[in-house]
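Please look over the model below before you read on. My notes follow as numbered points.

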Amino acid sequence: MKYTSASFTGIGVALVTPFEHSGNIDYGALARLVHYVSQPGGADFLVVAGSTGEAATLNTLEKEQLLQACIRFNGGKLPLVFGLGGNDTAKQVRLLSETDWEGVDAVLSVSPAYNKPTQAGIIAHFTAIADKCPVPVILYNVPGRTASNMSAETTLALAQHPNIIGIKEASGNLEQCIAIAAAKPKDFLLISGDDLLTLPMIAIGAAGVISVMGNAIPVQFSGMVRNALKGNFTEASHDLYSMVGLNSLMYEEGNPAGVKAALEIAGICEAGLRLPLTEASEGLKRKIKDALAVVGVFAGEKAGVSR
């Protein structure tokens, strides 16, 4: 699929990686998940092997197998984004040449974690990746995970690179997002990285969201995003209000524990995670089940899937 600005507008779902009790990837559950989120009225594009997909605990072979499985299950229906990022620039550049890019429409690359690079270092890192990447690059700024923030100035500098097409902004800093929206190139995509801030982000010029909740409630969340993109902010606000309670539960015991619990309740996959993350508590699962009822998801048969 040839990239256009519309390819990554609307709701992208940051897919969880389902696991069997053994800890291996559950490909049957993955197929159900891909079909569920891409149902009519659901996701506009898919993101594989991101933070919500527990990429930090997947080895290189597992990431390759996960990607190929998602490509098969998607069948070219939706644009597909592959998460590829890390704090060793040379390793990431090397992986670009070792990856099969057939069926992949873009890369989501997170800002380096742990080393805490300067803004100049972040620019050099992403420039090296974008220079070698055979598909377009979407930047990912998430200071809560990386311990360093990409400033608006850094994002705008990188936006000039012909192979960098947008940013998933999860800083939670609306002032920073406004600065990006005000000065970015016309076709550069500002994408919300925070479900709850999607509405105000669209109001300032964001193209949509890469969503966690979209795994569990793809149609409901997409409805909110599409209302907002059409300028129907009253309707979108009502949609959002019904999801506020569920959103807070998604992170009460860490992501993706909450959304995997929701998917288990919805009949899509098991709630298990890989250590050091742990499965949601029974108390949290009960609260999530009640919150799902508010937005119309109750059990597997009502989610339109079968186990």
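1. Start with one term: a residue is buried under 20% relative accessible area, exposed over 50%, and partly exposed in between, using a 1.4 Å probe and protein chains only. In β5, V137, L139 and N141 point one way, I138 and Y140 point the other way, and all are buried. In a regular strand, side chains alternate between the two faces of the sheet. Strand β5 covers residues 137–141, and five of its five residues are buried, so the rest of the structure largely encloses it. Strands (E, at least two residues) and helices (H or I, at least four) are DSSP runs numbered from the N terminus.

2. A word on the source. This is a predicted model, where local features need pLDDT of at least 70 and side-chain atom pairs count only at pLDDT 80 or more, while totals for chains, interfaces and linings use all residues. Residues are numbered from 1 along each chain as its sequence is written, and side-chain values use heavy atoms, without hydrogens and water.

3. Now the fold. Eight strands form a closed barrel in the order β1-β2-β3-β4-β5-β6-β7-β8, with parallel pairing. From one strand to the next, the twist averages 25 degrees. Two strands pair if DSSP finds at least two bridges between them. β4 and β5 run parallel and are joined by four bridges; S109 has L139 as its bridge partner in β5. β2 (residues 45–48) and β3 (residues 80–83) pair in the parallel sense over three bridges. There, V48 has F82 as its bridge partner in β3.

4. Which residues lie nearest the centre of the largest pocket? They are A55, A56, K63, G85 and V110, out of 37 lining residues. A pocket is an open set of points on a 1 Å grid over the protein atoms alone, where a 1.4 Å probe fits, with protein on both sides within 12 Å along at least five of seven lines; lining residues have an atom within 4 Å of a point. The space in the largest pocket is about 920 Å³, a volume filled by probe spheres set on grid points joined across faces, edges and corners. α3 gives the most to the lining, with four residues.

5. Last, the cysteines. A disulfide is a pair of cysteine sulfur atoms within 2.5 Å, and a search of the whole structure finds zero. For C70, the nearest cysteine sulfur is that of C269, 12 Å away. C70 is buried, at 1% relative accessible area. C269 also counts as buried, at 1% relative accessibility.

Methods: Axes are lines fitted to C-alpha atoms, for helices over the stretch in contact, and angles run from 0 to 180 degrees between N-to-C directions.
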